[in-house]
Amino acid sequence: MKVNAWISAIFISTLVCILLFFGMVNNSQPIESTPINLDSVTNKQMEEVVQKNPDVLGMRLSLANRYLAESDFSSALKHFVYIASNDQTGEFKPNALAQIGWMSYESGETMLALDYIKESIRLKPDNILGNTYLGIILLEQDLDIEEGLEILKIVLSSSEINSNEKEIVSKYIDRYEK
């Protein structure tokens, strides 16, 4: 009877190993992600997804940027702060800090804004968003016209900005160049 138990155990173990092997081989194919058009998703739907998956920082950043575009600073701020506090990769933190800085500037807190924006640039020196905001603030607040223009000219020469952004940056340069 002991031989039969051993044979059964070996048979079952072998069968389990074979099933695991073929299961892993069949499941090892990468699943291609389907891009989601976020224009068709409401803020409420995005909030639900973010609530269930708090560390999906790309979606959280998109949602925060929507709120910022709608001038809903309090809703945007909580998401930007979460990103800045929880982004372990550093992929989203520089933009989140730049956006917090810009909201601070829009709220009349220029020095606080500069702190956030400069930290954003320290983390990612070629951060287009942070550099754009820094250039604009330096110009609008008459803090350093030369440096502001120099920063915006570098931004303008970047291949990362689209034609609409180039137009906005160009208008600032034209307005403040003497």
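Predicted model: local features only at pLDDT ≥ 70, side-chain atom pairs only at ≥ 80, totals over all residues.
Me: What makes up the chain, in helices and strands?
Reply: The chain has 9 helices and 0 strands. Both are DSSP runs, numbered from the N terminus: helices are H or I with at least four residues, strands are E with at least two. Along the sequence the pattern reads α-α-α-α-α-α-α-α-α.

Me: Why is Tyr-172 called buried?
Reply: Buried means under 20% relative accessible area, exposed means over 50%, and partly exposed lies in between (1.4 Å probe, protein chains only). Tyr-172 has 14% relative accessibility, so it counts as buried. Across the chain, buried residues make up 35% of the 178 residues.

Me: Why is Lys-44 called exposed?
Reply: Its relative accessible area is 63%, so Lys-44 is exposed. Lys-44 belongs to helix α2 (residues 43-52). Its C-alpha atom is 9.6 Å from that of Leu-63, 19 residues apart along the chain.

Me: What makes Tyr-172 and Tyr-176 a stacked pair?
Reply: Rings of Phe, Tyr and Trp (its six-membered ring) pair if their centres lie within 6.5 Å; planes under 30 degrees apart count as stacked, over 60 as edge-to-face and the rest as tilted. The count comes to 3 aromatic pairs by this rule. Trp-102 and Tyr-105 form a tilted pair, with 5.1 Å centre to centre and 45° between the planes. Tyr-172 and Tyr-176 form a stacked pair, with 6.5 Å centre to centre and 5° between the planes.

Me: How far apart in helix α5 are Trp-102 and Tyr-105?
Reply: They are 3 residues apart in helix α5 (residues 93-106), so about one helical turn separates them. Both Trp-102 and Tyr-105 are buried. Together with Tyr-133 they form one aromatic cluster.

Me: How do you know that the charged end of Arg-60 sits over the ring of Tyr-82?
Reply: A charge sits over a ring if NZ of Lys or CZ of Arg is within 6 Å of the ring centre and within 35 degrees of the ring normal. The charged end of Arg-60 is 3.9 Å from the centre of the Tyr-82 ring, and sits over it. Arg-175 does likewise over the ring of Tyr-172, at 4.9 Å from its centre.

Me: Why are the buried residues of α9 said to line one face?
Reply: The buried residues are Val-169, Tyr-172 and Ile-173. Seen down the axis of α9, they fall within an arc of 100°, so they line one face of the helix. The arc is that of the directions from the helix axis to the C-beta atoms. The face turned away from the buried side carries the exposed residues Ser-163, Asn-164, Asp-174 and Arg-175. What covers the buried residues includes α7 (128-140) and α8 (145-156).

Me: What makes Asn-162 a cap for α9?
Reply: A polar contact is a pair of N or O atoms within 3.5 Å; within protein, one must be able to donate a hydrogen and the other to accept it, and residues adjacent in sequence count only if both atoms are side-chain atoms. A side-chain oxygen of Asn-162 lies 3.0 Å from the backbone nitrogen of Asn-164, and Asn-162 caps the N-terminal end of α9.

Me: Which residues of α6 are buried?
Reply: Thr-110, Ala-113, Leu-114, Ile-117, Ser-120 and Ile-121 are buried. They cover an arc of only 125° around the axis, which puts them on the same side of α6. On the other side, Met-111, Asp-115 and Arg-122 are exposed. The buried residues of α6 pack against α5 and α7.

Me: Why is Asn-127 called buried?
Reply: Its relative accessible area is 1%, so Asn-127 is buried. Asn-127 is in the loop between α6 and α7. Contact means heavy atoms within 4.5 Å. Leaving aside neighbours within four places in sequence, Asn-127 is in contact with Pro-94, Asn-95, Ala-98 and Ser-120.

Methods. Residues numbered from 1 in each chain as written. Heavy atoms only, no water.
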